[in-house]
Amino acid sequence: LDPPPPVETAGSSLLYAEEFYTLAKPRLAEGGIVHQWFPDGIDVEPAIRDAVLRAVRRSFPHVRVFRSLHGQGLHLLCSLHPIEVPDADAFVARLPEAARRDLMEWQPAGASIREFVATQILAKEIPLESLWPPQDGPSIRDDRPFNEYFLLRRLRAHLAAD
């Protein structure tokens, strides 16, 4: 899933909601993974990121998170089963040719695809303990599109800063 930024876009909550993940789970093959990009960055309110992460955490028992290239977001890998991440050699060996070509577009000049995978993909995993928000906050749900109702929170923060 690659929801378009900004995360406050009307209707975008449907792709981050617990109900969406509930509908996705039975469609996964055995060992299947929901891979969702979240455009985390300077423009994203931490409370929104936390609400998305709570929805993922409440929906899947197994989650791994990787920072995107150039720090432009998070790749959330979510599954009903443990997610095994291969080493760089196995990763590259499993890549279809089209995927290799796509990766080559991002690879710095002179770097091997194996080096790129090792340093720019696999090394960017974020320990969940450093990312998980407290369980007791808001989550994204169909009836609580927390990310879409940002204006009052931002106005309150702006007024408090003055």
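Leaving aside neighbours within four places in sequence, which residues is L74 in contact with? I started my notes there, keeping in mind that this is a predicted model.

**Entry 1: L74.** I looked up the contacts of L74 and found Q36, W37, F38, D40 and R49 among them. The list also includes V65, F66, R67 and S68, and I126 and L131 are on it too.

**Entry 2: the main core.** Next I checked where L74 sits in the nonpolar packing. L74 belongs to the largest nonpolar core, a set of 25 residues. Along with Y16, F38, V65, L76 and I140, L74 is among those with the most contacts inside this core. I then asked which elements build it: α1 (18-24), β1, α2 (46-59), β2 and β3 each give two or more residues. The largest share comes from α2, with six residues.

**Entry 3: another core.** I also found a second, separate core of eight residues. L103, I113, F116 and V117 are included in this one.

Entry 4: How much space lies in the largest pocket? I got about 800 Å³. Its lining counts 25 residues, and H35, H75, F91, L103 and I121 are the closest to the pocket's centre. At least two lining residues come from each of β1 (33-38), β2 (62-67), β3 (74-79), α3 (88-94), α4 (97-106) and α5 (113-121). With four residues, α4 gives the most to the lining. I sorted the lining by type as well: 15 residues are nonpolar, six are polar and four are charged.

Terms used: Residues numbered from 1 in each chain as written. Predicted model: local features only at pLDDT ≥ 70, side-chain atom pairs only at ≥ 80, totals over all residues. Heavy atoms only, no water. 1 Å grid on protein atoms, 1.4 Å probe; cavity = no way out; pocket = protein on both sides within 12 Å on 5 of 7 lines; lining within 4 Å. Points joined across faces, edges and corners; volume = space filled by probe spheres on them. Nonpolar A, V, L, I, M, F, W, Y, C, P; charged D, E, K, R; others polar. Core = buried A, V, L, I, M, F, W, Y, C linked by side-chain atoms within 4.5 Å. Buried < 20%, exposed > 50% of the residue type's maximum accessible area, 1.4 Å probe, protein only. Contact = heavy atoms within 4.5 Å.
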